[in-house]
Amino acid sequence: MKIFFSICALSVTLVALAAVEVPPENQKKVFCVHGKWSAYRKGDGHFGIEQINPLLCTHLVYTFFGIDANGEMVIRDPWLDLEENDGQGNLRKLIRLREINPDLRILASVGGWIEGSDNFSEVSHDGEKRKAFVRSSINFLEKYRFDGLDLDWEYPGRREGSKMSDKEAFTKLVKDLHDAFKSKGLLLTAMVASEQHNAAISYDIPQISKYLDFIKLKTYELHGFWSPNIGHNSPLYGKSWEKNVDRFLNIHSGVRYWLESGAPAEKIIVGVPLYGRGFKMVNEEDNVIGSPHLGPSDPALHTNDAGFIGFNELCEKQLTEQWEEHWDDEQLVPYTTRGDQWIGYDNEESLRIKANYVRRYKLGGIMVGNIENDDYLGICGKGLFPLLREINRALEDKSSDQVIKSNKTCP
C-alpha cells in the first residue's frame, strides 16, 4: 500500500514497462447497471431489455426491487417485471440475454435511494427478520433465475429511519446472506458510499469485505446542484485547493480509503457515470470548477430532470448547438458550457483514463451507471454504446506501453 501512495505524490506519468515483472491481471469485470424506469421514456429516450448488449457486460445489475418490514423481497413494478395482466415480462427477457452471452451474470438489486433506509434498518436489527430476508431472497433469485443479489441500502446510519447501530446490523445482514448463498453458488455484492466521511459511519469495511464478492463504490454523484459550488460528477482526483470534506469527493480518495481500511483490491469495483451533472452559472465567464452557481442546469429532453443529462442527450445536443469543451488537468475529466449551462460529464478519454487507473492498481473492474444513458442508438455517429465499448477496450488492452496518468494534487 505504501507504493500506491508514494507513486501518487511523485506527480509523474506512470508507464507500465514490459521489462517490469508484475503479477498477472485478473479479468476485469464490467458491471452494467440498468435502471428499468427508462422503459417508460418516450421516443428515442425509450430503453428496454431489448436494447441491452450483453456482450459488453460481465455482470448486469437490474434495479430495483424492494424489501418490506417483515424481510420479504418484493417487486415494486409488477407490470414491468412480470407477464401477468399483460405485463412486459422484464424478468423473463433478462434471462434470455444469456442466450447471447452465456457467461453473463445477472444480479437483482434491492434498495435504491427511493426505497429508503427504514425497512433495511428494521430487518437488519432483527435476527428473525434477517432469516426471513435470506430465505425470501434465495427463493426470489432461484424463481427468476438470477445469479445473485446486489444490496443497495442508501445508506446505513445516515438517513431517515436509520439507527446509530446500522453499521453493525448491516454487517450481520451481509454475513447471514453470505453464509446462505455460498452453498448455492449465488453472488453477493453491494453498492456502497465511497467517501471517507460517509463510509466510516455506514460500514465495518474489514468485516463486510470478507462476505461480499464485490464492493461497488458509488464514485459518482460526488457533486451536483446540491453542492455549494460547481463541481464534477465523478472526478478522478481532487483539486489542489480543496479542503475538509471536499477533498474526499473524488474517485482516488474513495479507492484509497477502502483499500487502507482493508478491502481487497480485486473486490473493488469503481463506479463511473454515463451521464452528466449540471449547473446554471452565475456568470458565463466564471465557469471553472469551484465557481458559484444558481442551481441545476435545465432538464434534458428524455430524462427531464433538472441538473441531470445523459451522455446520449448531451451528444445529441452538441450536433445542433454550439457547446464549448473544457478539460480539467487536475481531475482528468471534461466539462462543457453553453450560455449559462455548465455540464460535468465523462467522455471516451476520461473513461479510458479511469479504466487505466483500475488496471494500474489491480482493482476488480468498473461499474457503469447507467447503460441507458450511453448513445445506444448511435445517433451521435460513434456507433452503438461508444462509452461502454471504450471501457471494455481499455480494460482489455494488453499493450505493454499503457500510460496511467497521475497528478500531484491527489490527497
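This tour moves through one predicted model, stop by stop, and states what to select at each point.

**Stop 1: the largest pocket**

Begin by selecting Trp 113, Glu 154, Lys 218, Glu 221 and Arg 277. Of the 46 residues that line the largest pocket, these five are the closest to its centre. The pocket has a volume of about 1,400 Å³.

Next, colour the elements that give two or more residues to this lining. They are strand S3 (59-67), strand S5 (105-111), strand S6 (148-152), strand S7 (187-193), helix H7 (196-202), strand S8 (214-218) and strand S10 (275-281). Which element gives the largest share? It is S3, with 4 residues. If the viewer can colour by residue class, the lining of the largest pocket divides into 19 nonpolar, 11 polar and 16 charged residues.

**Stop 2: helices H4 and H5**

Select residues 118-125, which form helix H4, together with residues 127-144, which form helix H5. At what angle do the axes of H4 and H5 cross? They cross at roughly 110 degrees and come within 5 Å. Angles of 65 to 115 degrees count as roughly perpendicular, and the two helices are therefore roughly perpendicular to each other.

Now display the side chains at the contact. On the H4 side it is made by Glu 122, Val 123, Ser 124 and His 125, and on the H5 side by Gly 127, Lys 129, Arg 130 and Phe 133. By class, this contact of H4 with H5 has 2 nonpolar, 3 polar and 3 charged residues.

Remain with H4 and select Phe 120, Ser 121, Val 123 and Ser 124, which are buried. The cover over the buried residues of H4 includes H5 and helix H6 (166-182), along with the strands S3, S5 and S6.

**Stop 3: Leu 91**

Move to helix H3, residues 90-96, and select Leu 91. Is Leu 91 buried or exposed? Its relative accessible area is 4%, so Leu 91 is buried. Show the residues that surround it. Not counting residues up to four places away in sequence, Leu 91 touches Tyr 62, Phe 65, Ile 75, Asp 81, Leu 82, Tyr 144 and Phe 146.

Then draw a distance from the C-alpha of Leu 91 to the C-alpha of Gly 378. The two residues are 26 Å apart in space and 287 residues apart in sequence.

**Stop 4: the cavities**

How many cavities of 30 Å³ or more does the structure hold? There are 2.

For the largest cavity, select Asp 44, His 302, Asn 312, Glu 316, Asp 375, Tyr 376, Leu 377 and Ile 379, which line it. About 40 Å³ of space lies inside. The lining of this largest cavity has 3 nonpolar, 2 polar and 3 charged residues.

For the second largest cavity, select Arg 41, Gly 45, His 302, Thr 303, Asn 312, Glu 313, Glu 372 and Asn 373. The volume of this second cavity is about 30 Å³. Its lining has no nonpolar residues, 5 polar and 3 charged. While both selections are shown, note that His 302 and Asn 312 belong to the lining of each cavity.

**Stop 5: Glu 390**

Finish in helix H12, residues 386-396, by selecting Glu 390. With a relative accessible area of 9%, Glu 390 is buried. Which residues is Glu 390 in contact with, leaving aside its neighbours within four places in sequence? They are Glu 348 and Arg 352.

Methods: Residues numbered from 1 in each chain as written. Predicted model: local features only at pLDDT ≥ 70, side-chain atom pairs only at ≥ 80, totals over all residues. Heavy atoms only, no water. Axes fitted to C-alpha atoms, helices over the stretch in contact; angles between N-to-C directions. Parallel < 35°, antiparallel > 145°, perpendicular 65-115°, else oblique. Contact = heavy atoms within 4.5 Å. Nonpolar A, V, L, I, M, F, W, Y, C, P; charged D, E, K, R; others polar. 1 Å grid on protein atoms, 1.4 Å probe; cavity = no way out; pocket = protein on both sides within 12 Å on 5 of 7 lines; lining within 4 Å. Points joined across faces, edges and corners; volume = space filled by probe spheres on them. Buried < 20%, exposed > 50% of the residue type's maximum accessible area, 1.4 Å probe, protein only.
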